[in-house]
Structures are given as C-alpha cells and as structure tokens.
Amino acid sequence: MAGSTSVRLSPVTALRFDDDALTIVRPWRRRRIRWDDLAGLIFTRVHTRHTGPIPVQLRLVLKDGAPEPGRFLTEGRPPAPYARGPVLFRTHTLEPDDAGPAQKQIYAELESRGFERPEPFAMRYQPSGCTREEQTLAVAMDVRRREHNTHPVTVNHDGGDEHLIGPVLARLAIRHHATGKPHVQPFHSIFFFEGAEAEANSVAFADAVRQVVPSGWIVTASALPERRS
C-alpha cells in the first residue's frame, strides 16, 4: 500500500497516508505525524456522562513518552502521557468483524507500515516492531511478575543450531529450575522462572546460556524478542 491514500471518516474529517507520514485533516487543524515519530497504537476509553456502551478511540502513541513494550497498563485520570496522542477515530466496538469499511482500511494502511492493531481492549498498547502475540505474552508475564514473581529470559537464536535450541537449552533450563515449558518460536525461545528464587535462577540461567551459545545470540531478561532488522 505504498504511495498516497486518503480515508474519509466524515464529511469534514479524513486521514491521509503517504510514504513518510500520516496526516489528520480536520476543519480546525491539520496535523502531520511522520512514521519515524510513531511508536505504536493504543485504544483508550472516551469518558462521557451518557449512559450506554462506553466508546473507545484509537490513538497514536508517539515515541516521545511511549511506554516500555510489554508493560501492563491501567487507566487513570489524567491519562498517562502515552495515552494523549492524536485520536484517529472513535468506535463502540473493538470486534474485528464489526469494524466499518473506513476503519478496516485504516487498520490495513497502518499494518502495511508496521503498526499492528492492538488487542480489542482499552489500554492495550501495541508497539511497532513486535507482533500482537508477542506483546500479549509479554504483558501477561508483567502481570504474573507481580503475582508470582515471574522472571522471563528470552534467547534470540534466529533459527540457529537446533541442538543448542532444543536439548542444550532445555537441560540448562531444568538445571536452573525453570517453570513449565519454554515458549519456542522460529527465531527466539522464552524461558520462565517463578518463586522465591526466580530472579537469581533467571540470572544464573542467562549467564549459563551465554557460555554455550554463539556470541551473536542475544539473551535478555524480557519476554519480548529483540527486534529483527
């Protein structure tokens, strides 16, 4: 979808997409946001005194003040800085099948430029550079950290040596008291540690992994993979 596209939301409001930026066109103001300045997307509630379903709005999250990816966010008044970005549109439903033609086109234009639609809930930030599945898992681990002292470790292996990815890392995880099965993906594997000694065990595991894997494999104390170029 490269090039220039215009999506009209009402007789007086439109969004214009081009290779460099998104322009929000309203009667009282025209605002142009470069893609390089955009960190991701978020749904926020529209606080209203009217009864009935509470509308939500899709906002842009700018890099200046964006939350850390993988954080569990809660609503507050006044909203946090990352929930004050420009609003693209309002809606009464976040179900994908209920989106109107203009909204579907907006989602498609954003996704074609690396900005995936957030989960269908308010305050679920979706940063660019990771999939919605990756962000959802990382947020879930952030919640579990508070309740179960969960400490994830991600080994970014880019689909390298299968013996290292499989048996070797599995044995190291067992030796350092990992919890459950790892979350194995084509380019990374995430291991989880819980309980009173979880942080110490996760650090020891990460150190042990670095001793046996190639130097190009990045090991992080996170449930998010490193961004691939």
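A cavity is a set of points on a 1 Å grid, laid over the protein atoms alone, where a 1.4 Å probe fits but cannot get out. Grid points are joined across faces, edges and corners, and volume is the space filled by probe spheres set on the points. The model is predicted: local features need pLDDT of at least 70, side-chain atom pairs count only at pLDDT 80 or more, and totals for chains, interfaces and linings use all residues. Residues are numbered from 1 along each chain as its sequence is written, and side-chain values use heavy atoms, without hydrogens and water.

The search gave 1 cavity of 30 Å³ or more. The largest cavity holds about 90 Å³ of space. It is lined by 13 residues (an atom within 4 Å of a point). Closest to its centre are Glu119, Arg124, Tyr125, Gln135 and Val139. Helix H2 (residues 132-148; a DSSP run of H or I, at least four residues) supplies the largest share of the lining, 4 residues.

Gln57 lies in strand S6 (residues 56-62; a DSSP run of E, at least two residues).

Arg113 lies in the loop between helix H1 (101-112) and strand S8 (126-127). Arg113 is also buried, at 18%. Its side chain makes a polar contact of 3.4 Å with the side chain of Ser112. A polar atom of the Arg113 side chain lies 3.4 Å from the backbone oxygen of Asp18.

Definitions and conventions:
1 Å grid on protein atoms, 1.4 Å probe; cavity = no way out; pocket = protein on both sides within 12 Å on 5 of 7 lines; lining within 4 Å. Buried < 20%, exposed > 50% of the residue type's maximum accessible area, 1.4 Å probe, protein only. Polar contact = N/O pair within 3.5 Å; in protein donor to acceptor, adjacent residues only side chain to side chain.
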